[in-house]
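Please describe the strands in this model and the surroundings of its ligand. A short report with headings is enough.

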Amino acid sequence: MSEKLDRAVAHVRSLVSFEPRVGAILGSGLGNLVDAVDVVAAIPYSEIPGALASSVIGHSGRLVFARAGSTPVVMMQGRNHFYEGHSLEDVVFIPRLLARLGAGVVTITNAAGGINSDYRAGDLMLISDHINYLGANPLRGANDDALGPRFPDMSDIYSKELRAVAKEVAASLGVGLREGVYLATSGPSYETPAEIRAFRVMGADAVGMSTVPEAIAYSHMGVKVVGISCITNMAAGILPQKLDHLEVLETTTRVQKEFTALMLALLERLGKHAAVAAN
Ligand code: HPA
């Protein structure tokens, strides 16, 4: 894995000389964040050796190098999901590449269904912790000691310190930010109402089909993570209506401006944080 990453890093560096400090994985509907930053270069995943091309609608599949204010960032515009049939090792390949390219902190965003009945579609939720309900783990198989330890600690994946920073940034912008536990299922089917009731008992506030593999891979590598979910719909059985991918897309469009503003300010702040941490 390390050698495969080294080859991808060498290829990307032969195309772009840019030292990112912070990484960002842009979830459904947030891909437009790239329009709000100064893009320096973009590389389609299909041109990166070892990477899978992204196939889902709303995920265009490019590595984007940019400046968010004064912060040099590398962003994944589009991600690969477990439900597409990929192995989790493949799902976390480009996320790991962001770290190898220099990102010591990565923001991960996603669309999620709200389980907590205080939530409303359109809310943003800072991820405090996660429940891996995928039935799989990206670190399964031989451990690559060059990446991290065999049995990595997962007690502070969504850095408490950086969550405080995210809350400060949101407050300074007047953007409401919930905080809760994200549970990942493999998808692609949405959950049943009985599953959602069970997940609530387990302690989940939101449910989605991404983020957890990436966050585990980062924790393994010692990379700090800030996760933010856009609650695009209430989870199955909470409201008297069926779930629809269109609703997910409509909600991300509705909150896009606020979410983008929050992410921009956060990336700027995390750049300063990463600079201090590196010194
Ligand atoms: N369930 C799972 N994934 C999701 C949902 C949901 O309700 N909404 C957006 N992504």
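## Terms and basis

Two strands pair if DSSP finds at least two bridges between them. Strands are themselves DSSP runs (E, at least two residues), numbered from the N terminus.

This is a predicted model, in which local features need pLDDT of at least 70 and side-chain atom pairs count only at pLDDT 80 or more, while totals for chains, interfaces and linings use all residues. Residues are numbered from 1 along each chain as its sequence is written, and side-chain values use heavy atoms, with hydrogens and water left out.

## Strands S2, S3 and S4

Strand S2 (residues 38-44) runs antiparallel to S3, with six bridges between them. Ala41 has Phe65 of S3 as its bridge partner. On S4, S3 is again antiparallel, here over seven bridges, and Arg62 is partnered by Gln77 in S4.

S3 and S4 make a hairpin with two residues between them, and Gly69 in the turn has a positive phi of about 65 degrees. Of the seven residues of S3 (residues 62-68), five are buried, so this strand is largely enclosed by the rest of the structure. Buried means under 20% relative accessible area (1.4 Å probe, protein chains only).

## Strand S1

S1 (residues 22-26) has five of its five residues buried, so it too is largely enclosed by the rest of the structure. In a regular strand the side chains alternate between the two faces of the sheet. Val22, Ala24 and Leu26 point one way from S1, Gly23 and Ile25 point the other way, and all are buried.

S1 pairs in the parallel sense with S4 (residues 71-77) over five bridges; Leu26 has Gln77 of S4 as its bridge partner. S1 also pairs in the parallel sense with S5 (residues 105-114), over four bridges, and the partner of Ala24 in S5 is Thr107.

## Ligand site

The residues around the ligand (a heavy atom within 4 Å) include Ala111, Ala112, Gly113, Tyr190, Glu191 and Asn233. S5 gives the largest share of this shell, three residues. S5, S8 (206-208) and S9 (224-234) each supply at least two residues of the shell.

Which polar side-chain atom lies 2.8 Å from a nitrogen atom of the ligand? The atom belongs to Glu191. Polar backbone atoms of Ala111 and of Gly113 are each 3.4 Å from a ligand nitrogen. Taken alone the ligand exposes 260 Å², and the protein buries 95% of that (Shrake-Rupley method, 1.4 Å probe).

Definitions and conventions
Buried < 20%, exposed > 50% of the residue type's maximum accessible area, 1.4 Å probe, protein only. Polar contact = N/O pair within 3.5 Å; in protein donor to acceptor, adjacent residues only side chain to side chain.
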